[in-house]
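Open the model in your viewer and switch to a cartoon view.

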Amino acid sequence: MLINKSLFACLLILSFCVNSYTVTANTSEGVEKQLIPVADAAKDIVINFQNVLLDVMKQGTSLDFQARSNLLEEAILKSHDVIKSLRTIVGSKEWRSFSEQQKNQLMQVFTKFIVSTYASNFNSFSDESFVYISEHTTKKGNIIVRSILNIPTGKRKKVTFDYALKKNADGWRIYNIAADGVSDLATRRSEYRRILADPNGFDALIAIINKKNDNYAKQ
Amino acid sequence: MLMCFKEKECSSLAGVFLVSMTLILSGCASNDVIEAEAEVVEVEVSEIDPYEGFNRSMYKFNDKLDVYVGAPVSDAYLWVTPEFVQTGVSNFFSNLKDINVVLNDFMQGKGMQGAEDTGRFAVNTTIGLLGLFDVATELGLEKHDEDFAQTLAVWGVPQGPYLVLPLIGPATSRGVPGGIFDAAANPASYVGMPVQLIQMLNARANADAEINFIEEAALDPYVFTRESFLQYRNNLITDGASENVDDLLDFDDEFDEEEFGENVLSNDTVSQVATVEVIDNEIQDVAVNEGDFDRASGSFDKATKSFDDAANSFKIADEKLKQIEAQ
C-alpha cells in the first residue's frame, strides 16, 4: 500500500509537470487560445459525449424516439465532425462531383441516419458504464481515445470503443469510431462506395438511407 | 508476427492443407455463376472477395434460412426459456470452448494467458457446476477469445479469400481448417445430435442482437457483414493492438491539405501525449489492484441475487406456458 501511495504522488507530480509544459508550449506557438492541454481537450470531447449517451439511456423509458433523437443530435453535432466523416466515406472525388444541393441533401439524411441509429440502440439503461483507458497521437497527428463500455447484464460483458479525433476550426472533433476493432468509416465506406458506383448511385443512396430513417422512426 | 503474416514462404503443412481446402470450396462455385453475377453488378472483383458472386448467393441462402427457421426458433427459445437457463446454457458451451482457448493460448505462445484460462476452466467446471455458472469472470479471470484460425494467423498462414459457408456463415479460407480443429477440440462435438442442436440454437440466440442491428443499420447487409467480420477477426488476431486500430481509424482525406495547411501537432507534443498515456495506464493498474477485493466480495452477493432471479424467472416462464395453453 505504501508503495502504491508514493507511486501515486510521483505520478501526480509528473503529470502536473507534463500538463503545464504543454500549456506553455501552446501559448508560445499561439495555437491555442484557451489554456487547455491539447490531450485533455480531445479526451473531454469523448467523455462528455459518452455522458450524454448514458444520460439518454437512463431516460430511455421516459423519452420517446424523437425526444432521444433531439438530445443526441445536439450532442453529436457538438462533438463529431460529421461532414468530414461523410466526405471520407464517399471519397473526395465523388464528393467534388456532387452539386451543392446534393451535398446538403446527403449531409442532411446522413446526419439523421447517424442520430437515429444512436437513438434506436441507446434506449435503455442497465448499469452500463464507460471507462477511459488511454489516448495516443497517430502518425498523422490525430488523437485516438480508447475507452471500454462495460455491460454487466449483456451477453458481451464489454466492448472496446476507439474514437479518432481530428482538430478542425472548432477544436477536436470525433470523425471515426471503432467498436472492438470494427471501424465505422471503413465499413460504411465499402457500403456507400458500392452503391455510388452505380449510374444512379446518388439517388439510390439517398433512397436507401431515407428508408432506413423511416424504419427507425416507426419504432 | 505480422511480418510473417504477409509472406507466403511461411506457409507450412497447414498452408498446403488450406490451399487444398480452398480449391475444394471454390470448386463448388461454378465459374458461370460468378461471371454472370459480376456482369450484373459491374464492380471490379475485390481482392479479398474474389468469389463475391458465390458468396452473395450463399449469404442470401443463409439469410432466408435464418428468416424462416433460425429466427423463429431462436425467438421462441428466447421467449419461452427463463433467462437463467439461457445464461446457463450459454455458460456451459462457453466453458467447453475454454478447453480450446487454452490449447490455442499455448500454441500462440501466450503462456500467462494460458495459465489464466486453465484456472478459468478449472474454477468454472468445479465451483461453477460443470460450467453452468461463470464464477471465474466474477473472480476477475476474464474470458479470452482464441481459436485455431487465430493461431494459424499468428503462425503466418495468410488469410485467404473471404467465404460465406452454408449454415456457418462468414469465414475466410484460413478459418476452414481453423473451424475443423476447433470442432475437434470441443467435447460437445462428440455427444450427438441433440446437444449440437442446442449448441447451434444457443449460438443463434447469442447473435440475435447483432443480426437485428445489421438488419436495421446496414445499407448493404452483405458488404456490412463482410467488412465488420474481417475487421473483427483481425482485431482478435492482434488482440486489439493500437497500430492496427490506427490504420483502421486514421483515414486519409484529400481535403485536409486544402483546409488545414499545417500539421496541428508538433513532434514535441506527440511525445508528451505518449507520456501522459503511460501514466494513465499505470494509474489504472493501481486502481485495478485495489478493486480486486471489492469485486471478489461483491461476487458472492451477486451469486445469491442470481438465485433470486432464477426463482423469479421460473414464475415468468410458468405464466408464459399457461398463456400458450390458453391460446
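Strands here are DSSP runs of E with at least two residues, numbered from the N terminus, and two of them pair if DSSP finds at least two bridges between them. Keep in mind that this is a predicted model.

Start with the whole sheet in chain A. Five strands form an open sheet in the order 1-2-3-4-5. The pairing is antiparallel.

Now go to the edges. Select residues 129-137 of chain A for strand 1, then 182-183 for strand 5. Each has a single partner strand, so one side of each is left without a neighbour in the sheet.

Stay on strand 1 of chain A and step across to strand 2. Eight bridges join these antiparallel strands. Pick Val131(A): its bridge partner in strand 2 is Ile148(A).

Next, the turn. Strands 1 and 2 of chain A form a hairpin, with five residues between them. Click Gly141(A) in this turn; its phi is positive, about 85°.

Select residues 143-150 of chain A, which make up strand 2. Is this strand largely enclosed or left open by the rest of the structure? Six of its eight residues are buried, so strand 2 of chain A is largely enclosed.

Finish on its other partner, strand 3, at residues 158-168 of chain A. Eight bridges join strand 2 to strand 3, and the two run antiparallel. Two pairs to display: Arg146(A) has Asp162(A) as its bridge partner, and Asn150(A) has Lys158(A).

Methods: Residues numbered from 1 in each chain as written. Chains lettered and ligands numbered in written order. Predicted model: local features only at pLDDT ≥ 70, side-chain atom pairs only at ≥ 80, totals over all residues. Helix = DSSP H or I, 4+ residues; strand = E, 2+ residues; numbered from the N terminus. Buried ≥ 20, exposed ≤ 12 C-beta atoms within 10 Å, placed from the backbone.
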